[in-house]
Amino acid sequence: MNPTYRVPPARVRLAHTPTPLEEYAVLRTGLWVKRDDLTGNELSGNKVRKLEFLVADALAKGADALVTAGAVQSNHARCTAAVAARFGLRCYLVLSGPATDLDWAMGNALLDRLFGATVVHVQRDEELNPRMTSLADELRAQGLTPYVIPIGGSCPLAAWGYIEGLRELKTQVDDLGLRIHRIVCAAGSCGTLIGLACGAWLENWPVRVTGISISSTLERKRGFLKRSLQDTCAYLELPFADVYAHVELYDYAGAGYAKTRREEVELIARIASCCGLVLDPVYTGKAMYGLLDLCANGTISPQENIVFLHSGGLPGLLAMGTQIKAWLPPP
Ligand SMILES: Cc1ncc(COP(=O)(O)O)c(C=O)c1O
């Protein structure tokens with residue numbers, strides 16, 4: 001192994017780390033939760049780990065504005081807006097989906113406004129990337145130096161967020177003397193999964209890294225994951241086939257991206273009431289639903305010790321009260 005692989009690029013410190021690693025035997029024997037929902041109040045979740053490297057790169061390049069895109073309730077967009085405010089950068093968000101969330105300033109959309117981000121609304125997801133590109137051109141024409149962050153903040157440089165996150169987790173696991181067989185996380189733009197998988201390879205940790213897909217079809221998501229992992233492995237000079245051999249992807253998109261079902265909401269409520277752990281309907285609720293289902297159907301053996309990555313998402317949950325309240329226990 002090349003020791004230079006272990007030297008991360010420039011980084012700004014934003015996340016409150018190390019985040020706790022807690023046992024939740026009440027949910028399943030041998031289940032531990034890595035509390036990346038506790039990376040910080042306004043930053044919370046997985047995205048800030050990626051942004052630590054992206055923002056360092058933006059600052060090194062003299063950027064004065066961050067541009068990114070996502071759904072109107074994007075946690076990544078909100079996190080980018082928070083970081084931009086912290087560093088005195090302008091922030092431009094191209095957001096797709098129901099404009100009502102913007103009008104009503106709910107959840108992440110509310111925080112985007114508080115952080116002073118400029119929001120450009122588009123109707124369809126397909127418009128996000130082209131609009132980001134044209135927006136960056138417009139900003140350059142105005143004399144600004146925009147730094148464009150891909151949807152979900154996922155790209156080879158950002159993989160360092162969870163390479164370092166994995167190292168942090170490995171230290172905690174070793175300190176506790178645990179034997180962990182599998183790490184499970186939600187898979188959206190797959191950057192978190194990819195960072196964990198590359199990190200595990202770099203640490204010589206033969207752990208399985210399991211993504212629970214929360215959007216798209218399995219075939220499309222798997223193709224996207226493979227291409228993105230290939231790009232990241234090329235950037236890090238890692239052997240793609242060896243890294244990919246430890247990665248699994250399962251489809252629990254259910255009703256589709258950001259759409260939830262009764263059984264998922266009931267699980268979220270059950271977990272919140274039995275152990276005070278709050279999951280969200282878009283990412284972590286589906287990921288936990290998938291994990292427990294894979295355990296119940298025998299895909300994951302009862303002998304395995306598992307770390308579930310809680311990647312945040314609380315603001316998105318708070319925007320969904322009217323959609324899910326019919327499935328919650330009565331007040
Ligand atoms: C709360 C939360 N969890 C998980 C994910 C998925 O992470 P990734 O896009 O790296 O697959 C996201 C992405 O937006 C998220 O907001």
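1. Basis. The model is predicted: local features require pLDDT of at least 70, side-chain atom pairs count only at pLDDT 80 or more, and totals for chains, interfaces and linings use all residues. Numbering starts from 1 along each chain as its sequence is written.

2. Domains. The protein chain is assigned domain 1 (3-41 + 155-327) and domain 2 (47-153); such bounds come from an automatic or database domain assignment. Taken over C-alpha atoms, the domain centres are 23 Å apart.

3. Domain interface. In domain 1, 27 residues are in contact with 25 residues of domain 2, contact being C-beta atoms, placed from the backbone, within 7 Å. On the domain 1 side, α6 and α12 (314-318) are the elements that give two or more residues, and α6 gives the most, with 5 residues. By class, this side has 14 nonpolar, 10 polar and 3 charged residues. Here Ala, Val, Leu, Ile, Met, Phe, Trp, Tyr, Cys and Pro count as nonpolar, Asp, Glu, Lys and Arg as charged, and the others, Gly among them, as polar. Helices (H or I, at least four residues) and strands (E, at least two) are DSSP runs, numbered from the N terminus.

4. Ligand shell. There are 19 residues around the ligand, of which Asn75, Gly188, Tyr283, Ser311 and Gly313 come nearest; a residue is near if its C-beta atom, placed from the backbone, lies within 6 Å. The elements giving two or more residues to this shell are α2 (75-86), β7 (182-187) and α7 (191-202), with α7 giving the most, 3 residues. The shell has 5 nonpolar, 14 polar and no charged residues. Domain 1 and domain 2 each supply at least three residues to the shell.

5. Helix α1. Because 10 of its 14 residues are buried, α1 is largely enclosed by the rest of the structure. A residue is buried if 20 or more other C-beta atoms, placed from the backbone, lie within 10 Å of its own, exposed if 12 or fewer, and partly exposed in between. The buried residues of α1 include Lys47, Arg49, Phe53 and Ala58, and the buried residues pack against β3 (65-71), α2, β6 (146-148), α6 (160-175) and α7. Gly62, with a positive phi near 75 degrees, follows α1.

6. Phe87. This residue is in the loop between α2 and β4 (90-96). With 16 other C-beta atoms within 10 Å, Phe87 is partly exposed. Phe87 and Val55 are 32 residues apart in sequence, with their C-alpha atoms 9.0 Å apart in space.

7. Backbone geometry to inspect. Most residues other than glycine have a negative phi, and most peptide bonds are trans. Cys190, in the loop between β7 and α7, has a positive phi of about 70 degrees and is buried, with 26 C-beta neighbours inside 10 Å. Ala258, in the loop between β9 (247-251) and α10 (262-275), has a positive phi near 65 degrees and is buried, with 20 such neighbours. Thr17 and Pro18 are joined by a cis peptide bond with omega about 0 degrees; Pro18 is in the segment before β1 (21-23).

Definitions and conventions
Contact = placed C-beta atoms within 7 Å.
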